[in-house]
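Keep to what the coordinates show.

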Amino acid sequence: MRLFQEYLPWLLEKYPDDAFDIVINTEFVSIDHFLSNIVTNVESGLTTKNLKEQFLIYYNKKKPTEAYQNQLIELIIEKLFRMSHKDTNANSIIFQGELKTNFDLLMSYLKADNACYSKNYILEKLKDTWLLDGEIYLYSQLGNHTNALEKLIENTSEEADKFAKVEKYCDENFEKKPDIYNMLLKMLVDKYNELKKMNAAESRRKVFEDEIISFMQKNKDVQLKHEKTKFAVYVSLFIT
């Protein structure tokens, strides 16, 4: 046992995959001890310190579990926040280079077929950060469409296709939530009326006015088919 413990750090530094395989397939050392002690000690002498992430990726391919998927996804999130602070405006993020690579990796784990991480736990790590796509995806998976739409509307820019993500979300979740178009329309009308009461800048009100008109034109048949009464109420609110 002592010889093994002395040999493992050397193997981990030189041939990490072989070391990972031994840890996963033997009982000489617990995974928690391996990650918190052996990996930490070996990493302290290395320039590139990502052995823990490498192990969790390797382990996830072999034996996916909630606890270690949580750790892996959390590591990727923390790395992304080191690249761009968590409070950065989502609309100002430029997805390129290493940031895009790690963002794509995060989304691939969130959407993976073997996903078994805690959605609520990871959602708390993503809330109110620039990782909006991950937050919205988890709201969708948890059936929390109200929060998803509110967050998407809150983060609309004033550029072209500003509501494209909002409408795409509705399209993707329509089968699971048939009244989702009505939810969106009500939110848009409520936001428009809120801005009107606040005497917000006309340009900002115009953004919502244009979207309401456009949305009604594109989705008139869907709205009338599903909740005619509510649809009429929302339209009257807007007109008044």
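Which residues of α4 are buried? They are Leu51, Glu53, Phe55, Leu56, Tyr58, Tyr59 and Asn60. The model is a predicted one.

Start with the overall plan. The protein has 13 helices and zero strands. Its pattern along the sequence is α-α-α-α-α-α-α-α-α-α-α-α-α. The chain counts 240 residues, and 42% of them are buried. Take the contacts in the protein with a separation of 6 or more: 58% of these join residues 24 or more positions apart.

Now return to α4. This helix covers residues 51-62, 12 residues in total. From first C-alpha to last, α4 reaches 17 Å. That is close to the 16 Å expected at 1.5 Å a residue.

Next comes the pairing of α4 with α5, the helix of residues 66-83. Their axes come within 9 Å and cross at roughly 140°. An angle over 145 degrees would count as roughly antiparallel. The two helices are therefore oblique to each other. Their crossing is left-handed. On the α4 side, the contact is made by Lys52, Glu53, Leu56, Ile57, Tyr59 and Asn60. On the α5 side, Tyr68, Gln69, Gln71, Leu72, Leu75, Ile76 and Lys79 take part. By class, the residues of this contact divide into seven nonpolar, three polar and three charged. Glu53, Leu56, Tyr59 and Asn60 of α4 are in this contact, and these four are also buried.

A second pair lies further along the sequence. Helix α9 spans residues 145-154, and α10 spans residues 164-173. The axes of α9 and α10 come within 9 Å and cross at roughly 160°. α9 and α10 are therefore roughly antiparallel to each other. Here the crossing is right-handed. From α9, the contact draws on His145, Ala148, Leu149, Leu152 and Ile153. From α10, it draws on Lys165, Val166, Tyr169, Cys170 and Asn173. The classes are seven nonpolar, two polar and one charged.

Is Glu167 buried or exposed? Its relative accessibility is 14%. The cut-off for buried is under 20%, so Glu167 counts as buried. What does Glu167 touch, leaving aside residues up to four places away in sequence? Its partners are Glu211, Phe215 and Lys218.

Definitions and conventions:
Residues are numbered from 1 along each chain as its sequence is written. This is a predicted model: local features need pLDDT of at least 70, side-chain atom pairs count only at pLDDT 80 or more; totals for chains, interfaces and linings use all residues. Side-chain values use heavy atoms; hydrogens and water are left out. The expected span of a helix is 1.5 Å times one less than its number of residues. Buried means under 20% relative accessible area, exposed over 50%, partly exposed in between (1.4 Å probe, protein chains only). Contact means heavy atoms within 4.5 Å. Axes are lines fitted to C-alpha atoms, for helices over the stretch in contact, and angles run from 0 to 180 degrees between N-to-C directions. Angles under 35 degrees count as roughly parallel, over 145 as roughly antiparallel, 65 to 115 as roughly perpendicular and the rest as oblique. A crossing is left-handed if the near helix is turned anticlockwise from the far one by less than a right angle, and right-handed if clockwise. Ala, Val, Leu, Ile, Met, Phe, Trp, Tyr, Cys and Pro count as nonpolar, Asp, Glu, Lys and Arg as charged, and the others, Gly among them, as polar.
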